Amino acid sequence: MAQVTIWKGVQIAMQSAVAAAKDLTAITKANPGVAACASHGYANGEYLRFKNVLGMYQVNNRIIRVAGQTTGNFNLEGEDTTLYGTFVSGQVEKVTFGTTFSTFLDCSVTGGDFPQIDTTTIHDLQKSSQPGMPNGLVITSNNIWDVSDAALIAAKKQSDAQTLSAFLVTFQNGQKFVINGYIGCTLSPAGNAQEKVTTQIVITGVGSPTVYAS
């Protein structure tokens, strides 16, 4: 039976720091994929943003966790790269999650669907199609409006600077959802008479999300 996850006791964190980027020299096609990065200094469990990746485009703009690290290599935890493209070049940078929200009232996600490409020919007797590229994820939430809240202030700062950020959602059962993207936050108040004042946050995903069971 599937494990039921509930919107309760959820932790939502945004990156607070990014370390200098380091060059990758290889990523193997394996399960899990193994990255070569000289003297990387990364520890198991740390989160990395993969950027400027050529060839193995499936990991570009992704946030992936480190596992099985050695002096010059580390595993891409849970990432089966066997059928991915052949790596040419790329970089990684460590992201630190130090900004935690306590204002989220809800969370809705759009995108992730696959528009269909019409492959019907004049010889067919019925229409045919195949999935195209998935639409990017857009995460929208209403928040308690509190202009003194440290996380909302940080979100507004990231929004104004249009800085690419990493976001980590940890559920009470330990399951995790992590995504790279841009945050939109104006701290504009909204709501109805005699109800709490809210403000909206929008996260526009860049690259595919990554999930972990723990």
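This report covers the pockets and nonpolar cores of a predicted model.

Residues are numbered from 1 along each chain as its sequence is written, and side-chain values use heavy atoms, without hydrogens and water. Local features need pLDDT of at least 70 and side-chain atom pairs pLDDT 80 or more, while totals for chains, interfaces and linings use all residues.

**Pockets**

A pocket is an open set of points on a 1 Å grid over the protein atoms alone, where a 1.4 Å probe fits, with protein on both sides within 12 Å along at least five of seven lines; lining residues have an atom within 4 Å of a point. A volume is the space filled by probe spheres set on the points.

| Pocket | Volume | Lining by class |
|---|---|---|
| Largest | about 400 Å³ | 8 nonpolar, 8 polar, 1 charged |

The largest pocket has 17 lining residues, of which M133, P134, N135, G207 and S208 are the closest to its centre. The lining of the second largest pocket includes W7, F104, V169 and I179. Strand 13 (164-170) and strand 14 (176-185) each give two or more residues to that lining; strands are DSSP runs (E, at least two residues).

**Cores**

A nonpolar core joins buried Ala, Val, Leu, Ile, Met, Phe, Trp, Tyr and Cys residues through side-chain atoms within 4.5 Å, buried being under 20% relative accessible area with a 1.4 Å probe, protein chains only. The largest has 24 residues, and L24, I27, F50, V59, F74 and L76 touch the most other members. Strand 5 (47-54) is among the elements that give two or more residues, and its 4 residues are the largest share. Leaving out residues up to four places away in sequence, F50 touches residues including L24, R62, Q91 and V92 (heavy atoms within 4.5 Å). Another core, of 18 residues, lies apart and includes A154, A155, V169 and I179.

How values were computed: Nonpolar A, V, L, I, M, F, W, Y, C, P; charged D, E, K, R; others polar. Buried < 20%, exposed > 50% of the residue type's maximum accessible area, 1.4 Å probe, protein only.
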